[in-house]
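Keep the sequence and the model side by side while reading. The paragraphs below go from one site to the next.

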Amino acid sequence: MSRKDMPDTSNSPAPISYVDIGAQFAQERDELMPIIEDILKSGMYVGGPWNEKLEAALAKRCGTKHVVTLNSGTDALILALAALGIGHGDEVITPPNSFVASTAVIAHVGATPVFADVLPDQNIDPAEIEKKITPKTKAIMPVHLTGRIADMGPIREIAQRHGLAIIEDAAQSIGSLYDGVPSGALGDVGCFSAHPLKNLNACGDAGFLTTDRDDVAEYARLYRNHGLVDRNTVTRFGSVSRLDAIQAAILHFRLGSMDTVIENRRRNAALYRELLDPKLAFMPPCRDIEFNTFHTFVIQVDGRDALQAHLGEQGIGTAIHYPVPIHLQPAAEYLGHKAGDFPVTERQSQRILTLPVHQNMTEADVRRVADVVNRFLASAV
Ligand SMILES: *Cc1c(COP(=O)(O)O)cnc(C)c1O
């Protein structure tokens, strides 16, 4: 008997978790386990056909000439920067409200992260990018936060006018579209994560990059495998950033259900948008030009911490992406920023709350979360 069939003996409804990865595995177990078992029997844990199969399927999906599978989204970003020759003395413009990896990778290759504040929808503000360009600027790295694509029309125009590369941090936006173009095909390189919490997820760390550029793809292919051009020849020292065969096979399998995952998330998000009181919870308006995959569903509210605590007491899991802006992290101290430098980001960091939106939520789950949020916010006014 599943939890849902059990007679309701208490007054408190079943908890609604922020993610439910166990349920995902339960649904696919019968089909997925034989694939994994075949790989285990074959002994081909690093090489084998799965990475090539996955790369071909992803290239079709992302609309780029090349896909290079890698061991994480972070390595995809590092290899994108390195392949474009970005390093010491160079500047890369990026928003300060992302997951720390977006900024850390710029520092990792020896370049300087330069922050540009964001719009009400949490994505980088093109007007702020323009103000931050110097002779040292080499690239713009927009982050498609929450699964909503940054305002790429103006960003592409700015990049073109100033001769800058675009690296998309597309870690949260697999399947998202802007003006019909998939994320990952909107700049020079797209960098994706397939971490367990992303919409297309492996059972461990995983990632890949997308590009139409032969030089970038070749750099990444060599670097991920020690720089080996053949078994015994190294033309440029590399490292190990390969994706395991088992993770590649799992991602190839899950690509088959990705559209259902996205549709369910979009359905949940649409219902939230219909039910939540827009006077009390800000939700960025949807744009005609976009197809948003809702990696996260974020509301912006006064009294965020009290609301989160209340939802927790009601058994509803939430998260905050992210409570501390990157420019205020101890690691960023050397950049010399202070509170007040990026007011939109800082204000949002106090107000954002990520509600559960995962594909296994029922309509009743969404209605209950919306109801608890509305009631609490109305009572707090
Ligand atoms: C998840 C994420 C990353 C890092 O991806 P990993 O696969 O965990 O290395 C980078 N940027 C953003 C915006 C992310 O959400």
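A polar contact here is a pair of N or O atoms within 3.5 Å, where one must be able to donate a hydrogen and the other to accept it. In this predicted model, the side chains of Asn201 and Gln24 make such a contact, at 2.9 Å. Asn201 is found in the loop between S8 and S9. Its relative accessibility is 5%, so Asn201 counts as buried. Leaving aside neighbours within four places in sequence, the residues in contact with Asn201 include Gln24, Ala194, His195 and Pro196. Ile250, Leu251 and Arg254 are also among them.

The loop between S8 and S9 also holds Lys198. The UniProt record, an unreviewed entry, carries the annotation "active site" at Lys198. Is this residue, Lys198, buried or exposed? Lys198 has a relative accessible area of 17%, and the limit for buried is under 20%, so Lys198 is buried. Not counting residues up to four places away in sequence, Lys198 touches Ala171, Ser193 and His295.

Phe192 lies in strand S8 (residues 189-193) and Phe208 in strand S9 (residues 207-211), so their pairing ties together parts that are 16 residues apart in sequence. The two rings, those of Phe192 and Phe208, are stacked, with 4.7 Å centre to centre and 5° between the planes. Phe192 counts as buried because its relative accessibility is 1%. Phe208, at 2%, counts as buried too.

How many aromatic pairs does the structure hold? There are 6 aromatic pairs. One of them joins Phe99 and Tyr322: the ring centres are 5.8 Å apart and the planes are at 40°, so this pair is tilted. Phe99 lies in the loop between strand S2 (91-94) and helix H4 (101-108), and Tyr322 in the loop between helix H10 (304-313) and helix H11 (343-351), so the pair ties together parts that are 223 residues apart in sequence. Phe99 counts as partly exposed, at 43% relative accessibility, whereas Tyr322 is buried, with a relative accessible area of 19%.

Two further ring arrangements can be found in the model. Tyr272, Phe294 and Phe297 form one aromatic cluster. At Trp50, the ring has the charged end of Lys53 sitting over it, 4.2 Å from the ring centre.

Next comes a piece of sheet. Three strands form an open sheet in the order S7-S6-S12, and their pairing is antiparallel. Strand S7 (181-182) and strand S12 (290-291) are the edge strands, each pairing on one side only. In general, strands of a sheet pair through backbone hydrogen bonds. Strand S6 (residues 177-178) pairs with S7 over 2 bridges, in the antiparallel sense. Val181 in S7 is the bridge partner of Tyr178.

Pro120 lies in the loop between strand S3 (112-115) and helix H5 (126-132). Which residues is Pro120 in contact with, leaving aside neighbours within four places in sequence? The contacts of Pro120 are Phe282, Gln300 and Gln348. Pro120 and Gln348 are 228 residues apart along the chain, and their C-alpha atoms are separated by 8.3 Å.

Notes. Residues numbered from 1 in each chain as written. Predicted model: local features only at pLDDT ≥ 70, side-chain atom pairs only at ≥ 80, totals over all residues. Heavy atoms only, no water. Pairing = 2+ DSSP bridges. Helix = DSSP H or I, 4+ residues; strand = E, 2+ residues; numbered from the N terminus. Phe/Tyr/Trp six-rings, centres within 6.5 Å; stacked < 30°, edge-to-face > 60°. Buried < 20%, exposed > 50% of the residue type's maximum accessible area, 1.4 Å probe, protein only. Lys NZ or Arg CZ within 6 Å of the ring centre and 35° of its normal. Contact = heavy atoms within 4.5 Å. UniProt positions renumbered as here; feature names shortened; annotations may be inferred.
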